[in-house]
Amino acid sequence: MSQLLPTDGPAAAEIDLPLSPEVTEPPGAPQLYDAGTLAALLRVADLTLTDEWQQKLLATVNDLEPALHRLRALDLGETPPATAFDARWF
Amino acid sequence: MSDYLTISDALDALRDNKITATELVQDAFAAADAVDSELGIYLARFDEQALAAAAEADRIYAAGDPAGALLGIPLGIKDIISTLEGETTAQSLVLDREWGAAIGDAVVTARLRAAGGVITGKLTTMEYATGVPDPTKPFPIPKNPWNTDYWTGGSSSGTGSGVASGAILGGLGTDTGGSIRIPAAFCGISGLKATFGRVPKSGCVPLGYSLDNIGPMARSARDCALMLNVLAGYDASDPCAAEQPVEDYVAGLTGDLSGLTIGLDRLALVYADRDPAIDPAIDAAVKALTALGAKVVDVTLPLWDELSAATRITSRSEAFAYHAPDLQSRWDDYFEATRQGVGAAVAFSGADYVQAQRVRRVGQKALAALFETVDLVITPTSSVAGWSLDELGSMTERFLAMHTGYFNAVGNPALVVPMGFNDIGLPLSLQVVGRPFDETTVLRAGDAFQRVSDFHLAVPPMMSSVAVA
């Protein structure tokens, strides 16, 4: 394996990361969107869509919601984001 | 098809004067002529330029100084990567055709060309490297050479079907959630998503900035190694490019797996409708890897659902940031799947995006801990061998069935190689994953497996009737 180059600043390995955050089924049920909520989000995004397309997108958004719910429910402690995803790794 | 299925064999034949580069390129074009109207491989062909490049390669071979590592090899470029010849369209009505023209050759295209590769043309993709075909748009529908009722997989569709049909010997794909590995798997060839940052991607239309990779697709792991030798290495024009030492990936292909411990995660529970042929094929692959000297142990990849979800949130959010202005003004010009996939990001908050990046950091560390106990991890590339073009299913169903996005979230290198066929003759695929920047071991395992198997050399039945001069 290649030797990794040192990174600037504190290496992520030195940060107290939860190695294996407790993963369980997230509490509660995914919060499904209704047509009104989606319409508001589309206005914020400056997307003007037909009713037909709003219905299609609503189905897609709600299809993704369980994945989003699982992610939101994870307790990651003090874990910082991998912003500007570091190709040099930790 | 040409007598020479692999880049490696073609290079040997060129050096031994058994074939000329001109003949090799003509054979590739003849194969494309025979099947492209049915398979949808090319968006644009560069016959004149390619034959001129092949003639120049022949001149160099004749002069006795064949220095280029890919000299005279016909290679195709997925049409989200820029080339000097032709337009870059991203298979979309939306992309400004001046985008590619202003760039010329992307770094990777220039590297292939400098190594003597013959660029034969631009290959089909899914629009902007995401989604599924849209028959209402004026672009070819990529079909699988193993069964034309089936999709090639995406998004590097033309590269997959092009290699499988002999229209090219190798090509470039891109991979944000599996777009090299899935069409490679469905088309029965090999494909490598190297470590994030290993191959510079400037000159490629972005999909998910922090997930995108450019990589080789070819019949064999050895061919992928030959191509990676040319493609890998830092370039300052890509802010994501890694300043890591580059190894000679071909030199690492020893055929011996002695001393390696390989973790097997069958991912048996992540998709309900699993093809029953997959587990017997995995069992056979494990037996072969064991016979080659490896020790195979069962493992569980950490945070599977969470990292897979992180890839979905990240890719859609990053794509939405790029496409928002055009989605606002040209919604109807996009493929339906692009509108649904990228447009869904309106439901993600800034906090959701950041949470996804936190999960990625935790996941990298958890996976690194696993890699302290094993040298490689193997999984099936997908729980299905493909989808009929009539039944492509929902985005979520496809995402759950394909076991590739996880490794975009963490960035590790992942090679896919054919490992058999299902009961209707569609290829099955094995995914081999390594530590960050350890493509050498990944390719060694794939190559060793291919020394004791021949699935990667199988030719789709439709090609058996295609003879070339």
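Tutor: Let's start with the contact itself: 47 residues of chain B are in contact with 40 residues of chain A. Contact here means that the C-beta atoms of two residues, placed from the backbone, lie within 7 Å. Keep in mind that this is a predicted model, in which local features need pLDDT of at least 70 and side-chain atom pairs count only at pLDDT 80 or more, while totals for chains, interfaces and linings use all residues. For names, residues are numbered from 1 along each chain as its sequence is written, and chains are lettered from A and ligands numbered from 1 in the order in which they are written.

Which parts of chain B face chain A? Four helices each give at least two residues to that side: helix 10, helix 11, helix 12 (350–370) and helix 13 (395–401). Helix 12 of chain B has the largest share, with 14 residues. Helices (H or I, at least four residues) and strands (E, at least two) are DSSP runs numbered from the N terminus. Sorted by class, the side of chain B that touches chain A has 25 nonpolar, 11 polar and 11 charged residues. In that count, Ala, Val, Leu, Ile, Met, Phe, Trp, Tyr, Cys and Pro are nonpolar, Asp, Glu, Lys and Arg are charged, and the others, Gly among them, are polar.

Now zoom in on helix 11 of chain B. Six of its eight residues are buried, so the rest of the structure largely encloses this helix. A residue is buried if 20 or more other C-beta atoms (placed from the backbone) lie within 10 Å of its own, exposed if 12 or fewer, and partly exposed in between. The buried ones in helix 11 of chain B are B:Thr338, B:Arg339, B:Gln340, B:Gly341, B:Val342 and B:Gly343. What do they pack against? The buried residues of helix 11 of chain B pack against helix 2 (51–73) of chain A, and also against helix 10 and helix 13 of chain B.

How does helix 11 sit against helix 10? The axes of helix 10 (residues 304–330) and helix 11 (residues 336–343) of chain B come within 9 Å and cross at roughly 120°. An axis is a line fitted to C-alpha atoms, for helices over the stretch in contact, and the angle between N-to-C directions runs from 0 to 180 degrees. On the helix 10 side of chain B, the meeting residues are B:Arg316, B:Ala319, B:Phe320, B:His323 and B:Leu327, and on the helix 11 side of chain B they are B:Gly341, B:Val342 and B:Gly343. This contact between helix 10 and helix 11 of chain B has four nonpolar, three polar and one charged residues.

B:Leu303 sits in the loop between strand 10 (295–298) and helix 10 of chain B. B:Leu303 isn't a glycine, yet its phi is positive, about 55°. Most residues other than glycine have a negative phi. With 23 C-beta neighbours inside 10 Å, B:Leu303 counts as buried. Over in chain A, A:Asp46 lies in the loop between helix 1 (35–44) and helix 2. A:Asp46 also has a positive phi, about 60°, without being a glycine, but A:Asp46 is exposed, with 12 other C-beta atoms within 10 Å.

Finally, step back to chain B as a whole. Chain B has 15 helices and 13 strands. Its radius of gyration is 20 Å, close to the 23 Å that the globule rule gives for 469 residues, so chain B is as compact as a globular protein of that length. That radius is taken over C-alpha atoms, and the rule is 2.2 Å times the number of residues to the power 0.38. The C-alpha trace of chain B spans about 60 × 60 × 45 Å along its principal axes, and 64% of the 469 residues in chain B are buried. Among contacts in chain B between residues at least 6 apart in sequence, 79% join residues at least 24 apart.
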